[in-house]
Amino acid sequence: MRLSEFWSRMRLHFGDPYAESWARDYVIADLGGRTVNQALADGIAAKEVWRAVCGVSDVPARLR
């Protein structure tokens with residue numbers, strides 16, 4: 001998954017302004033206790049980060 005596709009899905013699911021806030025503030029255990037932004041900065045693949053987001057948020061099937 002490209003990073004642009006990841007952010008597109010984040011915006012579709014959370015809404016444009018909230019996606020960035022959620023990615024900055026929400027800590028996900030499956031990402032080693034990191035936020036989305038920290039995980040991406042640490043080199044975790046966007047696809048793996050997206051799976052972790054889907055695991056903690058009610059992402060519709062069409063965006064999974």
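Let's start with Thr35, which is buried, with a relative accessible area of 5%. Keep in mind as you look around that this is a predicted model. Why does Thr35 count as buried? Because buried means under 20% relative accessible area, and Thr35 comes in at 5%. You'll find Thr35 in strand S2, which covers residues 34-35. Skip the residues up to four places away in sequence, and Thr35 touches Ala23, Arg24, Asp25, Tyr26 and Val27.

Now on to the helices. To describe two packed helices, you give the angle between their axes and the distance between the axes. Take helix H1 (residues 3-14) and helix H4 (residues 46-56): they pack at an angle of about 20°, with their axes 9 Å apart. Angles under 35 degrees count as roughly parallel, so that is what H1 is to H4. Their crossing is left-handed. On the H1 side, the contact is made by Leu3, Phe6, Arg9, Met10 and Phe14, while H4 brings Ala46, Val49, Trp50 and Val53. Sort the residues of this contact by class and you get 8 nonpolar, no polar and 1 charged.

Next, have a look at the largest nonpolar core, which has 21 residues. The members that touch the most other members are Phe6, Met10, Val36, Val49, Trp50 and Val53. Two or more residues come from each of H1, helix H2 (16-25), helix H3 (36-41) and H4. Which element gives the most to this core? That's H4, with 6 residues.

Finally, zoom in on Val53. Leaving out neighbours within four places in sequence, Val53 is in contact with Met10, Phe14, Trp22, Ile28, Val36 and Val59.

Key:
Residues are numbered from 1 along each chain as its sequence is written. This is a predicted model: local features need pLDDT of at least 70, side-chain atom pairs count only at pLDDT 80 or more; totals for chains, interfaces and linings use all residues. Side-chain values use heavy atoms; hydrogens and water are left out. Axes are lines fitted to C-alpha atoms, for helices over the stretch in contact, and angles run from 0 to 180 degrees between N-to-C directions. Helices (H or I, at least four residues) and strands (E, at least two) are DSSP runs, numbered from the N terminus. Angles under 35 degrees count as roughly parallel, over 145 as roughly antiparallel, 65 to 115 as roughly perpendicular and the rest as oblique. A crossing is left-handed if the near helix is turned anticlockwise from the far one by less than a right angle, and right-handed if clockwise. Contact means heavy atoms within 4.5 Å. Ala, Val, Leu, Ile, Met, Phe, Trp, Tyr, Cys and Pro count as nonpolar, Asp, Glu, Lys and Arg as charged, and the others, Gly among them, as polar. A nonpolar core is a set of buried Ala, Val, Leu, Ile, Met, Phe, Trp, Tyr and Cys residues joined through side-chain atoms within 4.5 Å. Buried means under 20% relative accessible area, exposed over 50%, partly exposed in between (1.4 Å probe, protein chains only).
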